[in-house]
Amino acid sequence: MVFARNQWYVAAYGGEVGDELLARTICGEPLVLYRTTAGEAVALADRCVHRRFPLSESNRDGDRIVCGYHGFTYAPDGVCVAVPGQSRVPRTARVPAYQVVEQDSLVWVWIGDGEGDPAAIPRAAWFDSAEYTTVRGMEPLAARYELLVDNLLDLSHETYLHAGYIGTPEVAQTPINTEVDEEAGIVYVSRRMKDVECPSFYSESTGVKGRIDRWQDIEYHPPCLYLLHSRIAPTGVEPSPDGDDSSAFHVEVGYAITPETETTTHDFWLVARDFALDDAKVSAFLAESNRTVVLQDVEALNVLEKVIASEPEGYQELSINIDTGGLAARRILARQTAPR
Amino acid sequence: MVFARNQWYVAAYGGEVGDELLARTICGEPLVLYRTTAGEAVALADRCVHRRFPLSESNRDGDRIVCGYHGFTYAPDGVCVAVPGQSRVPRTARVPAYQVVEQDSLVWVWIGDGEGDPAAIPRAAWFDSAEYTTVRGMEPLAARYELLVDNLLDLSHETYLHAGYIGTPEVAQTPINTEVDEEAGIVYVSRRMKDVECPSFYSESTGVKGRIDRWQDIEYHPPCLYLLHSRIAPTGVEPSPDGDDSSAFHVEVGYAITPETETTTHDFWLVARDFALDDAKVSAFLAESNRTVVLQDVEALNVLEKVIASEPEGYQELSINIDTGGLAARRILARQTAPR
Amino acid sequence: MVFARNQWYVAAYGGEVGDELLARTICGEPLVLYRTTAGEAVALADRCVHRRFPLSESNRDGDRIVCGYHGFTYAPDGVCVAVPGQSRVPRTARVPAYQVVEQDSLVWVWIGDGEGDPAAIPRAAWFDSAEYTTVRGMEPLAARYELLVDNLLDLSHETYLHAGYIGTPEVAQTPINTEVDEEAGIVYVSRRMKDVECPSFYSESTGVKGRIDRWQDIEYHPPCLYLLHSRIAPTGVEPSPDGDDSSAFHVEVGYAITPETETTTHDFWLVARDFALDDAKVSAFLAESNRTVVLQDVEALNVLEKVIASEPEGYQELSINIDTGGLAARRILARQTAPR
């Protein structure tokens, strides 16, 4: 596999990047992340130019990193400014400094050729908005990122893998509608369920007791950002003609799917809501429940990765209607991954 | 290595196959085993046709298996009878169902080409007979099955590896007689010891206190079934001319040697006796002692597998007379493994 | 990588070789070491000729080893003197016996072609001298031996990796002098520090409280023996014109760098001193402190080995003046490793 390198990836949450040196590998590239005293997030290659010692296992001296092995010292732009035993620093002594954009509480990094276009980064404003309350986490996944893309594009698995949490029989039974914006490279999958059971994930958090209408509108921006616009309302409650939908409950679920290696993935997940904004119990419930659901996926995908590792070459899958979103995503990812 | 695929293998004991879904890999093929409500043992390929999720990590719905990921549903013949989100089931949706024969308390499976001939399965009636009492177990072996074949065909190792259990000096000292039935593909190795020490394994279980005559008659049906007809009698006690041998003690030891992967093996072991049939203490003693002996072999063979993994290609062994049985077994296995 | 096989290597400390069978792999060759009743150290190949069982997991019978699997019996010269089930021992039944030289408390072994020249073994008489007291240990290193050579040839890392133990700022700041005896194949690196801080390693052991002159004179005999002649004296104290230097403290640090596999190494370390010879507290302090320092190196080098395993082929390092010793060592090692 070749990674889609000329793409923006979420390397971390903004809150993870601070005084400490944070090691994170993205598409096989080892990075060290930290925040300067002025508040800028910095991402450097995590290898000293001298004897490849990880800078993330080194120490900061102000905004500089001093290698923990022999003391090679790097400025935030990656330039080496001091070496041991001599005053002259070789001109070629520098580590790559990666372009960073901090937006919507996410730290996006460009590891590709040339300079990345910040305007190409998809937005997810809910996750950094005062009108929403967000819970979040990140789970390490011992599986290739494509398996997580498959998983998230086909939510019929909620019925089986997440029964009792977010899955009800109607999810698997209800057909989906898939659209692909080939030019923008976005996959849309939507499922509109009417007069259905309300899973505990939503009944506990919203307080809705009876039957509901439940919308799942997926918007996947390959390779990294997956958004699920989830709308819950008592059955029959519709948005008003002027677009007002304040009688419904909205949950914006996000995933940043960042390949670590060919067979491991950073599984960032976020859940933003437009109700019970200051209710700590609802926050704790959603954080705990969503983490449980993510870990159910992680466990299943880790199994699949082992299956793939042990199976003969050329194994054939069988796809049906529920897979149209996932197959569309694969086509776009194949295009992004292809050598230019 | 290529496995001898067109052969019958023991996949499980009959008692292991029940309501629960049992995962077991045989010659690299992942299987799921279970028993229908009518009592039939079923063996299916352990991979959903959709996204390869293991059926063994799924759920039963009556005699069907419902995939734990997206709900693809399989009948005992492997045919998929339901999929999510649509009523039409693709015609090609089926998993391989493997031929199963349950005999002598063993579940034999055919993973080879076409249909296997049940008459070709070697018998081991003691293990399911009212005239014998059997104890049994299965140990996972982190070594290639050929090492277990070598081990069992040359019992001179009892003297060194199993001293204090079934090994006495006379086992290694006594020459063997080897015969090969090339047409039937069976290896016979026998060792007749006269007036020798009785190891604790037999003195404790039979109550014989003095010197004994001890016969070890091996009958190996490659690749899977190994039988050791063991006869213990006070020195000088012989079968009567009419064939009656009721003054001796008979222990029928069996091993089913089933490759899991190229370097791991299912080591099934059984010990049947024609004495003290209802004596629970003797059963417990033999079960515990034989398991100890098997684990001594497992430990030694696991070491040998690591040795092989670290040694250069083309390492040469040196063989002597005690190895004639093992070398004959290798020849038959090579023939069975060769492409047809 | 190819090992430099035609070289002497330290396989063990003399004190490690006794009645017990000691397994140790050197340059990929598995050895079993023991001491005969007459006191000779013996090194044999650790594989029975029959079915490759490790002799180190077997038993001694006097000066012989009896294989734990089938009883093949070996004399100290590697010749097989007994096999099971027959009186004739095949003429080719023997395991390689390696040439052993025990010197300066070290057990040197020759695994190369033909016979090694004992005179080619570098001396380290301090470690077995009544005029010195020595503490020692051996740490397993999960890194290729070249990383340990790099580490030890460039002591500027003491400032960063061993701060608080043997590192002070002056080590990294002070330039080195490198000399190479190409004919003898020895690398010399020396660093003379005047009027510098005394690290705790030396202040605690010598009792010197103030500023010191500190000499580090490295003498590396590739591939295996590394010696560091360390001299500590109160600032201004010089050897007298007649060579007497009894007012200074001398510490002779040794490392035997023995490759185990391509990516693991036996890291033998010794610290001999010519002061406080009978002071058990000083011995305990130096043993504990040096072990801590070695483990700091081990941890860092284990990280580097993982970095190398995950990096693309052809990664380029950047070298500066401090690396002249290490680069010279690499040149000699490349020569020793080259096929002849």
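Predicted model: local features only at pLDDT ≥ 70, side-chain atom pairs only at ≥ 80, totals over all residues.
## Notebook: three chains, a few stops

**D213(B)**

I started at D213(B) and listed its contacts (heavy atoms within 4.5 Å), leaving aside neighbours within four places in sequence: M193(B), K194(B), D195(B), R231(B), I232(B), A233(B), P234(B), T235(B), G236(B), V237(B) and E238(B). Residues are numbered from 1 along each chain as its sequence is written, chains are lettered from A and ligands numbered from 1 in the order in which they are written, and side-chain values use heavy atoms, with hydrogens and water left out.

Back to the residue. D213(B) sits in strand 14 of chain B, residues 212-221. Here and below, helices (H or I, at least four residues) and strands (E, at least two) are DSSP runs, numbered from the N terminus. Is D213(B) buried or exposed? I read 2% relative accessibility, so D213(B) counts as buried; the classes are buried under 20% relative accessible area, exposed over 50% and partly exposed in between, with a 1.4 Å probe and protein chains only. From there, the side chain of D213(B) reaches the backbone nitrogen of G236(B) at 3.1 Å.

**T134(A)**

Next I moved to chain A, where T134(A) lies in strand 11, residues 133-141. T134(A) counts as partly exposed because its relative accessibility is 22%. Beyond four places in sequence, I find T134(A) in contact with W126(A), F127(A), L270(A), V271(A) and A272(A). I also checked V253(A): 119 residues separate T134(A) from V253(A) in sequence, yet their C-alpha atoms are 9.2 Å apart.

**A sheet in chain C**

I then traced an open sheet of 4 strands in chain C, with the order 5-6-7-8 and antiparallel pairing. Its edges are strand 5 (59-61) and strand 8 (80-82), each pairing on one side only. Pairing asks for at least two DSSP bridges between two strands.

**Chain C against chain A**

At this interface 30 residues of chain C touch 23 residues of chain A. The buried area is about 2,100 Å², with 57% from carbon and sulfur atoms; this is the accessible area (1.4 Å probe) that two parts lose on being put together, summed over both. In chain C, Y160(C), L318(C) and I320(C) lose the most area to chain A, together 29% of what that side buries.

I find 5 salt bridges between the two chains, each a side-chain nitrogen of Lys or Arg within 4 Å of a carboxyl oxygen of Asp or Glu. R51(A) and D150(C) form a salt bridge, with their closest N and O atoms 3.9 Å apart. Which helix of chain C gives the most to the side that touches chain A? Helix 5 does, with 7 residues.

I stopped at Q86(A), in the loop between strand 8 (80-82) and strand 9 (97-103) of chain A. With 17% relative accessibility, Q86(A) counts as buried. Apart from its sequence neighbours within four places, Q86(A) is in contact with I320(C) and N321(C). A polar atom of the Q86(A) side chain lies 3.1 Å from the backbone nitrogen of N321(C).

**Chain C against chain B**

Here chain C gives 23 residues and chain B gives 30. In chain C, R51(C), R52(C) and Y69(C) lose the most area to chain B, together 38% of what that side buries. I count 5 salt bridges across this interface, and one of the salt bridges I looked up joins R51(C) to D150(B) at 3.9 Å, N to O.

**Symmetry**

Last, I superposed chain C on chain B: a rotation of 120 degrees with 0.0 Å of shift along its axis does it, at an RMSD of 0.0 Å. The two copies are therefore related as by a three-fold rotation axis. Among the residues of chain C, A309(C) comes closest to the rotation axis, its C-alpha at 11 Å.

Definitions and conventions:
Least-squares fit on C-alpha atoms with pLDDT ≥ 70 in both. Polar contact = N/O pair within 3.5 Å; in protein donor to acceptor, adjacent residues only side chain to side chain.
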